[in-house]
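These notes are meant to be read with the model open beside them. Please go through the points in order and find each residue as it comes up.

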Amino acid sequence: MMPEISIIVPVYKVENYLCECIDSILEQSFTDYELILIDDGSPDRCGDICEEYAAKDTRIKVIHQKNQGVSGARNVGIESASGKYITFIDSDDVIKGDYLRILYDILIKETANISCCGFKKFTDRCEFEKTGPESSYICMSGREAAMEQMIIQESRKTTVMPWGKLYNKQLFDHIRFPVGRIHEDDAVTPIIFSRVEKVVVCSEVLYGYRVRKGSSMSASFSLQRYDVIKAIDECLAYFKQQGDKELVEAASKHRAEMIAYCSLLARKAGIYKKLPEEYKMSRIKAVRCMKENLSYGVYSYRMVKINPIFIIGAYIRKLKSLCPLKTPKGQCKGR
């Protein structure tokens, strides 16, 4: 019998965290699944650890391959999956005991194509809160979810990360993650979301995302970060092909905002002169572009990453707004 869900876990240089990840999967209350562990040419003991678990549980399938990166590993997992639904889990992360059950139940109940959950960041140990008998969730159209990926704001209900979601496997029939790039999820998630009628978003935190040194997203800024622009360009081309003017406009603004942000980060990293001309933007224009296209919260967060002193200016502006009346000497005057 085919399993209902295929769990795809790319594995590379995580021998200190892999057991915790696999154990959290094996402790799931929903048991009708297969676990596909893709040993992506890991030079440590990860391959052996995968085989040790597979010897104890027939639901576990291990694939060993030469290193292709996380995208190549996920693609192999997609092609090997026999379940009706698939979910991706990073091999240094963990999931709550009812992660599969909740995502599956709300997806089936609402006859949706994708279900999503909340996540929390952690470093050493991930503690999840107790889940109630009924999970709260909302439904939104796939197009609304895709629009959220293009309009960066604090109130987003979904993320571009492939993990923390349960997908109908058919959604990946004609799409794969781009190999050899970072920000691979930016090139895939918005397109997949835009193709579906309904997305179910659970408010509960069911996924634990480990933050650690040495991961690709924690590395210092480099030219490879411009892969995010390539990803947005691919989404933009797809939205144009579909004739969706609103998504095209949103993606175009997102592209300009990311070029602005990356140009400021490139200056900070001392590599601005190495940028292609199409990715260069003056400092004044970059700041203005970000301010126009981002919510104040996201804008402030990014500006602090570029230059921490920005937060001092933000506090001063806040104080001025709270105390607008001045004496001739420039001091605040009481009311």
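1. Helices here are DSSP runs of H or I with at least four residues, strands are runs of E with at least two, and both are numbered from the N terminus. Arg 255 belongs to helix α8. Contact means heavy atoms within 4.5 Å. With residues up to four places away in sequence not counted, Arg 255 touches Ile 229, Ile 232, Asp 233, Leu 236, Glu 278 and Tyr 279. Take Ile 232 from that list: 23 residues separate Ile 232 from Arg 255 in sequence, and the distance from C-alpha to C-alpha is 6.3 Å.

2. A word on the basis of these notes. The model is predicted, and local features need pLDDT of at least 70, side-chain atom pairs count only at pLDDT 80 or more, while totals for chains, interfaces and linings use all residues. Residues are numbered from 1 along each chain as its sequence is written, and side-chain values use heavy atoms, with hydrogens and water left out.

3. Now the protein as a whole. It has 11 helices and 9 strands. Buried means under 20% relative accessible area, exposed means over 50%, and partly exposed is in between (1.4 Å probe, protein chains only). Of the 335 residues in the protein, 51% are buried. The protein exposes about 17,300 Å², of which carbon and sulfur atoms supply 52%; accessible areas come from the Shrake-Rupley method with a 1.4 Å probe. Among the contacts with a separation of 6 or more, 77% are between residues 24 or more positions apart.

4. Back to α8, this time with a partner. Two packed helices are described by the angle between their axes and the distance between the axes. Helix α8 (residues 245–269) packs with helix α10 (residues 296–306) at an angle of about 20°, and their axes are 9 Å apart. The axes are lines fitted to C-alpha atoms, for helices over the stretch in contact, and angles run from 0 to 180 degrees between N-to-C directions. The two helices, α8 and α10, are therefore roughly parallel to each other. On this scale, angles under 35 degrees count as roughly parallel, over 145 as roughly antiparallel, 65 to 115 as roughly perpendicular and the rest as oblique.

5. Which residues make the contact between α8 and α10? From α8 they are Glu 257, Met 258, Tyr 261, Leu 264, Leu 265 and Lys 268, and from α10 they are Arg 302, Lys 305 and Ile 306. This set holds 5 nonpolar residues, no polar ones and 4 charged ones. Here Ala, Val, Leu, Ile, Met, Phe, Trp, Tyr, Cys and Pro count as nonpolar, Asp, Glu, Lys and Arg as charged, and the others, Gly among them, as polar.

6. Helix α5 (residues 142–150) is largely enclosed by the rest of the structure, because 7 of its 9 residues are buried. Those buried residues are Gly 142, Ala 145, Ala 146, Met 147, Glu 148, Gln 149 and Met 150. They pack against β7, α6, β9 (199–210), α7 (227–242) and α8.

7. Helix α1 (residues 18–26) has Leu 18, Cys 21, Ile 22, Ser 24 and Ile 25 as buried residues. Seen down the axis of α1, the buried residues fall within an arc of 155°, so they line one face of the helix. The arc is that of the directions from the helix axis to the C-beta atoms. The cover over the buried residues of α1 includes β1 (5–11), β2 (33–40), α2 (46–54) and β5 (94–95).

8. Thr 111, in the loop between α4 (99–109) and β6, has a phi near 45°, a positive value in a residue other than glycine. His 183, in the loop between β8 (165–168) and α6 (184–195), is not a glycine either and has a positive phi of about 60°. Are these residues buried or exposed? Thr 111 is exposed, with a relative accessible area of 67%, whereas His 183 is buried, at 15%.

9. Finally, Thr 123 sits in the loop between β6 (114–122) and β7 (137–140). Its relative accessibility is 47%, so Thr 123 counts as partly exposed. Leaving aside neighbours within four places in sequence, Thr 123 is in contact with Arg 210 and Val 211. Val 211 is 88 residues away along the chain, yet its C-alpha atom and that of Thr 123 are separated by 5.3 Å.
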